[in-house]
Amino acid sequence: MGTRALVAAALCLLGATATAQSLPGPDNRPAPGNEVPALTPREAGYRPQVNYQLECSGCHHVDGEGSRANDVPRMKDFVGHFLDVEGGRAFLVQVPGVSLSSFTDAQLADLLNWMLTSDIAGDSTPVDFVPYTASEVATLRAEPLERIDVRRNVLLERMRAKRIAIRDGLGDRP
């Protein structure tokens, strides 16, 4: 590379770094249309279906099928069976994705109730299902699970003891 090319390259790099800015300056303004900060899902007051799309479907997928490749259990036609075994109702609130979410207790109760009565749960939800309340969710989420697999495996064994087929998409797990 010739001297002129080296000088030109150095000037380009120097010019680029001289104008680069990592922190907003005092004269920076939002782009047109972005003057008002966006609301979080918690603040927006979306319907439970929308909250599911925003917070759950990224891992569990839109239809609740989950992802074996990513070790994410399927909820489709299965999640309601947790209500059939001791400790399962609390488990659904205490899993970290639920208990540590940004939603209010009432939003979480609505989301769980929708999920358990929608096509996601299908026929797996017991006919005598009692909807979650905001106060119940508040109590349960105050104690999130640290060892999710340990609790989940106990619940799956309780399902097996009741002859409930484990259709969680993670077939080779306990």
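## Overall architecture

Among contacts in the protein between residues at least 6 apart in sequence, 67% connect residues that are at least 24 apart. The model is predicted, and the protein in it has nine helices and zero strands, so that, by the definition of these elements, the order from the N terminus on reads α-α-α-α-α-α-α-α-α. Of the 174 residues of the protein, 34% count as buried.

## The nonpolar core

The largest nonpolar core has 32 residues, and within this core Val79, Phe82, Leu92 and Tyr132 touch the most other members. Helices α5, α7, α8 and α9 each supply at least two residues of this core, and α7 gives the most, with six residues.

## The largest pocket

The largest pocket has a volume of about 630 Å³. Its lining is made up of 27 residues, and those that lie nearest the centre of the pocket are His60, Met75, Val95, Gly97 and Val98. By residue class, the lining divides into 18 nonpolar, three polar and six charged residues.

Several helices take part in this lining, with α4 (57-60), α5 (88-94), α6 (96-99), α7 (105-116) and α9 (148-161) each supplying at least two residues.

Which residues of helix α8 (residues 134-141) are buried? They are Val137, Leu140 and Arg141, and they lie on the same side of α8 because they cover an arc of only 90° around the axis. As a general point, an α-helix has 3.6 residues a turn, so residues three or four places apart point the same way.

The face of α8 turned away from this buried side carries the exposed residues Ser135 and Thr139. What covers the buried residues of α8 includes α5, α6 and α7.

Ser99 gives a view of this region from helix α6, where Ser99 has its place. At 5% relative accessibility, Ser99 counts as buried, and Ser99 touches Val93, Gln94, Arg141 and Pro144 when residues up to four places away in sequence are not counted. Arg141, one of these partners of Ser99, is among the buried residues of α8.

Val85 lies in the loop between α4 and α5, and with a relative accessible area of 6% Val85 is buried. Where does the chain come back to Val85? Leaving out residues up to four places away in sequence, Val85 touches Leu155, Arg158, Met159 and Lys162. The C-alpha atoms of Val85 and Ala161 are separated by 9.6 Å, although these two residues are 76 residues apart along the chain.

Val50 has its place in helix α3 (residues 48-55). Unlike a residue under the 20% cut-off for burial, Val50 is partly exposed, with a relative accessible area of 23%. The C-alpha atoms of Val50 and Leu111, which are 61 residues apart along the chain, are separated by 9.2 Å.

Most residues other than glycine have a negative phi. Against that background, phi of His61 is near 70°, a positive value in a residue other than glycine, and Asp71 has a positive phi of about 60° although Asp71 is not a glycine.

His61 has its place in the loop between α4 and α5, and the place of Asp71 is in the loop between α4 and α5 as well. His61 is partly exposed, with a relative accessible area of 36%, and Asp71 is likewise partly exposed, with a relative accessible area of 39%. Val85, which lies in the loop between α4 and α5, is by contrast buried, with a relative accessible area of 6%.

Conventions. Residues numbered from 1 in each chain as written. Predicted model: local features only at pLDDT ≥ 70, side-chain atom pairs only at ≥ 80, totals over all residues. Heavy atoms only, no water. 1 Å grid on protein atoms, 1.4 Å probe; cavity = no way out; pocket = protein on both sides within 12 Å on 5 of 7 lines; lining within 4 Å. Points joined across faces, edges and corners; volume = space filled by probe spheres on them. Helix = DSSP H or I, 4+ residues; strand = E, 2+ residues; numbered from the N terminus. Nonpolar A, V, L, I, M, F, W, Y, C, P; charged D, E, K, R; others polar. Buried < 20%, exposed > 50% of the residue type's maximum accessible area, 1.4 Å probe, protein only. Arc of directions from axis to C-beta. Contact = heavy atoms within 4.5 Å. Core = buried A, V, L, I, M, F, W, Y, C linked by side-chain atoms within 4.5 Å.
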